[in-house]
Amino acid sequence: SAEDMWLNEGWAVWSESLYREGIYGKQAYKQNMRAKLKDVLEMTHIEDGEYYAVSGIPQTITYGNTVYQKGGQVAHTLRGYMGDSLFFGGIKAYLQKYAYNFASSTDLRDFLSIYCGIDLKPFFDAWVFEPGFPHFSVDSVITEKLSKHYDVTVFIRQRLKGRSHYANANHLEITFLDKNWQKITDTIVFSGPAAHKTFHLSFAPVSVMCDINEKISDATTDEVKILKNTGEYNYESSLCKVLVNKVSDSALVRIILNWVAPDSAGDAPKGLRLSDSRFWTVGGIFPKGFKAGGKFIYDRKAGLDNSLISKEGDSLIILYRTGAGHDWQATAFTQQGSWSSGILSVESLKQGEYTLAVWDRKFLQKAGK
């Protein structure tokens, strides 16, 4: 039916990226999906009027961004959830069963569940029948050294963007790296707003990241780059640039643009109003002597920073903290551009979180500043 048009058009959009993978390789697939996800998170709810589930779509927006672009992201995420072997085998069998016939989202769910032996109801409830997006992040990590190994407990958090229900039975990959770039990837399966799991490792990790292989189209756009030379590196989908001033050995730098509000928890400097829609996470492996600056893009166009920057004269700044549970602190920056769009640059890029904020004029006047 028209209400399930994502089964046609969302899969067609996803197939564009699959074609690129077949011709140019997996990296081309990831780059195309990443660029499309940024557009989905930034513009779909504006162009379609609000957040919708891909199934049960109103016929007035049958050919809108939710059906096409978010539908493509759902297909991509289903691939990551099932794994390539079950996914491609299951989809081929599904197409054969329903060839020259009609099918619904429920038919797809039930057929694939039987085919792969996995209950896909939680996945379809979260990604097909629910509007908006979940957001996954590593909240904190505790490492304990034992006699022959390390116990590393990872605390995971789920936030919500444009929805009211948490996704359940999530399969989230966690990647651990040591200072020599030795890497181990494992999976945590969890439901609800928070979870934790203890992993037994042969090394103490210096970096712990979730979904580094970008298998989940949640409310994040991110990219990992290996920086070997000085110069400027563009993290286009993360709306950020890294200016490397000194590097003696390769650095691994991951920039995540989180399309949800940063936590404030009353810890922001008084008189500041934080962005209610996005913040950045900087992580990776920074070798000794690595020096780089960061350039963070702001733009008041609809859907980006228009709820934060309301008028000319707003005092836009950038805040930094080492991670969740720590206080936000003002950090030195320079500004390029106009009051409504431009770049805030920090001279020394550090691992942690960055967010935009504006001073409350009424507070400043009351304080006599």
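How closely do the axes of H1 and helix H2 come, and at roughly what angle do they cross? The legends below begin with that view. The model shown is predicted.

**View 1. Helix H1 against helix H2.**
The axes of H1 and helix H2 (residues 26-47) come within 6 Å. They cross at roughly 155°. Angles over 145 degrees count as roughly antiparallel, and H1 and H2 are therefore roughly antiparallel to each other. The crossing of H1 and H2 is right-handed. On the H1 side, the residues that meet H2 are Val-13, Trp-14, Glu-16, Ser-17, Leu-18, Arg-20, Glu-21 and Tyr-24. On the H2 side, they are Lys-26, Ala-28, Tyr-29, Asn-32, Met-33 and Lys-36. By residue type, this contact of H1 with H2 divides into 7 nonpolar, 2 polar and 5 charged.

**View 2. Helix H1 against helix H4.**
Helix H1 covers residues 6-24, and helix H4 covers residues 84-97. Their axes come within 15 Å and cross at roughly 135°. That angle makes H1 oblique to H4. The crossing of H1 and H4 is left-handed. From H1, the contact is made by Leu-7, Trp-11, Trp-14 and Leu-18. From H4, Phe-87, Phe-88, Ile-91 and Tyr-94 take part. What kinds of residue make up the contact of H1 with H4? They divide into 8 nonpolar, no polar and no charged.

**View 3. An aromatic cluster.**
Trp-6, Trp-11, Trp-14, Phe-87 and Phe-88 form one aromatic cluster. Trp-11 and Trp-14 of H1 also belong to the contact with H4. So do Phe-87 and Phe-88, on the H4 side.

**View 4. Helix H3 against helix H4.**
Helix H3 (residues 65-82) and H4 pack with their axes 6 Å apart. The angle between them is about 125°. H3 and H4 are therefore oblique to each other. H3 contributes Ala-75, Leu-78, Arg-79 and Met-82 to the contact. H4 contributes Asp-84, Leu-86, Phe-87 and Phe-88. The residues of this contact of H3 with H4 divide into 6 nonpolar, no polar and 2 charged. Phe-87 and Phe-88 are also part of the contact of H1 with H4.

A search of the whole structure finds 20 aromatic pairs. A pair of aromatic rings is described by the distance of the centres and the angle of the planes. One of the pairs is formed by Phe-123 and Trp-127. Their rings lie 6.1 Å centre to centre, with 25° between the planes. The pair is stacked. Phe-123 and Trp-127 are 4 residues apart in helix H6 (residues 121-127), which means that about one helical turn separates them. Are these residues buried or exposed? Phe-123 is buried, and so is Trp-127.

**View 6**
Tyr-320 and Tyr-354 form an aromatic pair. The rings are 4.9 Å apart, centre to centre. The planes stand at 50°, and the pair is tilted. Tyr-320 is in strand E14 (residues 316-321). Tyr-354 is in strand E18 (residues 352-359).

**View 5. Gly-162 in a loop.**
Gly-162 sits in the loop between strand E2 (150-161) and strand E3 (170-177). Gly-162 counts as partly exposed, because its relative accessibility is 35%. Which residues does Gly-162 contact, leaving aside its neighbours within four places in sequence? They are Tyr-51, Pro-131 and Gly-132. Asp-178 is 16 residues from Gly-162 in sequence. In space, the two are 36 Å apart, C-alpha to C-alpha.

Trp-181 lies in the loop between E3 and strand E4 (183-190). Phi of Trp-181 is near 70°, a positive value in a residue other than glycine. At 28% relative accessibility, Trp-181 counts as partly exposed. Glu-214 lies in the loop between strand E6 (207-210) and strand E7 (220-227). Glu-214 has a positive phi of about 55°, although it is not a glycine. Is Glu-214 buried or exposed? Its relative accessibility is 13%, so Glu-214 counts as buried.

Methods. Residues are numbered from 1 along each chain as its sequence is written. This is a predicted model: local features need pLDDT of at least 70, side-chain atom pairs count only at pLDDT 80 or more; totals for chains, interfaces and linings use all residues. Side-chain values use heavy atoms; hydrogens and water are left out. Axes are lines fitted to C-alpha atoms, for helices over the stretch in contact, and angles run from 0 to 180 degrees between N-to-C directions. Helices (H or I, at least four residues) and strands (E, at least two) are DSSP runs, numbered from the N terminus. Angles under 35 degrees count as roughly parallel, over 145 as roughly antiparallel, 65 to 115 as roughly perpendicular and the rest as oblique. A crossing is left-handed if the near helix is turned anticlockwise from the far one by less than a right angle, and right-handed if clockwise. Contact means heavy atoms within 4.5 Å. Ala, Val, Leu, Ile, Met, Phe, Trp, Tyr, Cys and Pro count as nonpolar, Asp, Glu, Lys and Arg as charged, and the others, Gly among them, as polar. Rings of Phe, Tyr and Trp (its six-membered ring) pair if their centres lie within 6.5 Å; planes under 30 degrees apart count as stacked, over 60 as edge-to-face and the rest as tilted. Buried means under 20% relative accessible area, exposed over 50%, partly exposed in between (1.4 Å probe, protein chains only).
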